[in-house]
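Subject: The structure we talked about

Hi there,

Here is the structure I promised to pass on.

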Amino acid sequence: MASDELQMIIDAFRSRPNMADLSIEEQRAQMEADLTQFQLPTDVRCEPVDAGGVPAEWITTPGVNTERVICYLRGGGYVLGSISTHRELASRLSRAASARVLILDYRLAPENPFPAAVDDSTAAYRWLLSVGAEPARLIIAGESAGGGLTVATLVALRDAGEPLPRAGICLSPWVDLECLGESMVTKAEIDPVATRDSVLMMAKAYLGNIDPRTPLASPLYADLTGLPPLLIQAGTAEVLFDDATRLADRARAAGVDVILEPWEDMIHMWHFFAAILPEGQQAIDRIGEFIRQHAQ
């Protein structure tokens with residue numbers, strides 16, 4: 001049974017304006033307000049860095065294994081989000097996985113449409129390799145659009161012949177920019193965070209006139225052969241739930257080692273509320289366990 005704290009979060013989301021009714025500038029401000037409300041612990045170290053031309057920030061908690069690295073691709077529909085919206089989450093991932101976390105501030109649409117995000121994520125990955133990160137101790141992870149970007153980045157790196165990271169982690173991944181999953185309809189009444197209309201609006205901003213089935217934009221349609229192991233977490237109450245299940249099916253069919261974890265009653269981005277939501281911290285702890293096992 002879901003915690004009482006979850007209902008409080010759902011009620012808070014339902015009291016806000018519909019994101020689809022806001023301008024992109026207003027949506028960006030809303031996301032900043034939503035995801036910067038939790039105070040960053042005083043023992044967290046934040047170090048801005050130029051990651052191969054991509055603005056980024058190292059997030060480190062005490063006692064981490066400095067050779068274990070998470071390259072984190074933040075979500076926000078390719079149009080929202082910043083390093084500041086993801087610092088607190090990154091600090092929890094750093095602590096749970098005993099790893100350094102590099103958050104990328106990849107370029108946003110519509111100012112920088114597809115493939116800007118993929119270009120930035122692959123450039124930053126190559127930078128990590130150039131400064132000594134070992135692929136065997138390197139994880140690429142992201143939530144929502146960042147989860148889709150995680151898969152797209154892995155595909156782009158594989159096609160370029162680059163050494164791949166040890167694993168990928170996709171949290172509530174958005175991998176189908178046509179939004180054809182049945183959960184877009186069946187979960188519409190219970191998902192307080194995302195709607196098909198709002199997600200399609202973001203897809204249009206990112207894609208412009210590009211075919212939404214372009215594999216590096218919608219990696220559900222990519223050849224996933226040869227990708228490293230994937231951990232996929234998704235809430236059963238989110239409209240993107242079928243993106244996660246279809247991605248898992250496609251990856252398994254391509255021979256990829258996949259762990260799919262459906263989290264009962266959880267909403268989109270539930271990890272962000274770990275400060276008050278027990279299930280959020282439990283999911284993060286599980287991610288940490290997966291990383292420690294795979295990137296020793």
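P110 sits in the loop between β4 (99-104) and α4. Helices here are DSSP runs of H or I with at least four residues, strands are runs of E with at least two, and both are numbered from the N terminus. The peptide bond that leads from A109 into P110 is cis, with omega near 5°. P115 is also found in the loop between β4 and α4, and the bond from F114 to P115 is cis, with omega near 10°.

Before you go further, please keep in mind that this is a predicted model, in which local features need pLDDT of at least 70 and side-chain atom pairs count only at pLDDT 80 or more, while totals for chains, interfaces and linings use all residues. Residues are numbered from 1 along each chain as its sequence is written, and side-chain values use heavy atoms, with hydrogens and water left out.

**Positive phi values**

Y78, in the loop between β3 (65-73) and α3, has a positive phi of about 70° although it is not a glycine. Y78 is buried, at a relative accessible area of 1%; buried means under 20%, exposed over 50% and partly exposed in between, with a 1.4 Å probe and protein chains only. S98 lies in the loop between α3 and β4, and its phi is near 50°, again a positive value in a residue other than glycine. With 14% relative accessibility, S98 counts as buried.

**Aromatic pairs**

How many aromatic pairs does a search of the whole structure find? There are seven. Rings of Phe, Tyr and Trp (its six-membered ring) pair if their centres lie within 6.5 Å; planes under 30 degrees apart count as stacked, over 60 as edge-to-face and the rest as tilted. The ring centres of F38 and F273 are 6.1 Å apart and the planes stand at 85°, so this pair is edge-to-face. The two partners come from distant parts of the chain, 235 residues apart: F38 is in the loop between α2 and β1 (45-51), and F273 in the loop between β8 (258-263) and α9 (278-294). F38 is buried at 16% relative accessible area, and F273 is buried at 4%.

W263 and W270 make a tilted pair, with 5.9 Å from centre to centre and 40° between the planes. W263 counts as buried at 17% relative accessibility, and W270 is buried at 0%. Y78 turns up again here: ring pairs link Y78, F114, W174 and Y206 into a cluster.

**Helix packing**

Two packed helices are described by the angle between their axes and the distance between the axes. The axes are lines fitted to C-alpha atoms, for helices over the stretch in contact, and angles run from 0 to 180 degrees between N-to-C directions.

Helix α2 (residues 24-35) and helix α3 (residues 83-97) have axes that come within 8 Å and cross at roughly 25°. That makes α2 roughly parallel to α3, a label for angles under 35 degrees, with over 145 called roughly antiparallel, 65 to 115 roughly perpendicular and the rest oblique. On the α2 side M31, E32 and L35 meet S84, T85 and H86 of α3, where contact means heavy atoms within 4.5 Å. By class, this contact of α2 with α3 has two nonpolar, three polar and one charged residues. Here Ala, Val, Leu, Ile, Met, Phe, Trp, Tyr, Cys and Pro count as nonpolar, Asp, Glu, Lys and Arg as charged, and the others, Gly among them, as polar.

Helix α4 (residues 116-130) and helix α5 (residues 145-159) pack at about 65°, with axes 9 Å apart. A117, V118, S121, T122 and Y125 in α4 meet L149, A152, T153, A156 and L157 in α5. The residues of that contact divide into seven nonpolar, three polar and no charged.

**One buried valine**

V175 lies in the loop between β6 (167-171) and α6 (183-186) and counts as buried at 0% relative accessibility. Leaving aside neighbours within four places in sequence, V175 is in contact with G148, S218, P219, L220, D243 and L247.
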